[in-house]
Amino acid sequence: MNKTAFITGANKGIGFGISKHLGLSGWDIIIGARDEARALEAMSKLKEAGCTVLGWVNIELGDLDSISLAAKEIKEKYPSLNLLVNNAGIPGDMSKTSWETDMKDIKETTDVNYFGTLAITQALLPLIKTNEGRIVNVTVPSEISPYWHPLAYVASKAAQNAMMGVMAMEFKQNNIPVEIFSVHPGPTTTDLNGNMALPGFHTIETVGEKFAELINDGKSHNGEFIELYPIVKED
């Protein structure tokens with residue numbers, strides 16, 4: 001079985017942790033990034049750790065032309081692709097309440113987190129279908145958390161969750177040999193949340209390792225929403 005994975009936003013944060021631990025478990029890694037220097041640095045670190053890195057692909061999820069070019073490059077260079085990890089995303093403006101949030105911020109965040117994720121998924125689906133592979137979205141629950149809930153981000157991820165559910169159902173109804181499911185890492189210290197490190201938060205290494213275990217468990221997860229580390233609610 002081919003084990004080739006393309007991870008968006010793989011040059012840092014959770015994406016890097018996922019890439020590292022998938023690589024250590026036998027997957028060939030393709031890094032998706034929008035900055036060459038950061039991509040090359042991540043490739044070097046992954047190779048030093050013992051991972052097989054096939055290369056990197058420039059992709060800007062807020063730009064549909066960039067997505068089309070990235071998909072074309074992947075189809076030409078990496079025809080064995082059978083795992084797409086939609087990890088890249090932006091948080092939106094975390095400093096404002098829902099009623100103060102600018103429409104511009106809502107649109108920019110949704111363009112990346114929802115429309116961009118949908119576009120790269122659609123573009124790579126024929127290849128993943130040929131290889132009977134999987135699509136995994138890194139997301140958050142649609143249920144609102146009292147601890148961290150920037151409107152633009154939560155709304156964009158709710159749309160992404162709906163996309164996953166509809167696609168999973170239609171894959172099954174139409175006998176498409178592809179699985180799609182969502183993974184919520186749980187509270188994790190990353191740049192996206194300002195390196196928040198409260199009690200109950202996990203490291204990128206811990207999340208990456210558990211993510212790889214899930215991918216390699218040999219089970220079907222089509223249509224599932226899986227929480228690696230559920231948020232523990234306070235009394």
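Predicted model: local features only at pLDDT ≥ 70, side-chain atom pairs only at ≥ 80, totals over all residues.
The strands form an open sheet of seven, arranged in the order S3-S2-S1-S4-S5-S6-S7 and paired in parallel. The edge positions are taken by strand S3 (52–58) and strand S7 (225–227). Each of these has a single partner strand, so one side of S3 and one side of S7 are left without a neighbour in the sheet. From one strand to the next, the twist averages 20°.

Two packed helices are described by the angle between their axes and the distance between the axes. For helix H3 (residues 64–77) and helix H4 (residues 103–130), the angle is about 25° and the axes are 10 Å apart. Because angles under 35 degrees count as roughly parallel, H3 is roughly parallel to H4. The crossing of H3 past H4 is right-handed. On the H3 side, the contact is made by Leu 64, Ile 67, Ala 71, Ile 74 and Lys 75. These residues meet Gly 116, Ala 119, Ile 120, Ala 123, Leu 124 and Leu 127 in H4. By class, the residues of the contact of H3 with H4 comprise nine nonpolar, one polar and one charged.

Conventions. Residues numbered from 1 in each chain as written. Heavy atoms only, no water. Axes fitted to C-alpha atoms, helices over the stretch in contact; angles between N-to-C directions. Helix = DSSP H or I, 4+ residues; strand = E, 2+ residues; numbered from the N terminus. Parallel < 35°, antiparallel > 145°, perpendicular 65-115°, else oblique. Left-handed = near helix turned anticlockwise from the far one by under 90°. Contact = heavy atoms within 4.5 Å. Nonpolar A, V, L, I, M, F, W, Y, C, P; charged D, E, K, R; others polar. Pairing = 2+ DSSP bridges.
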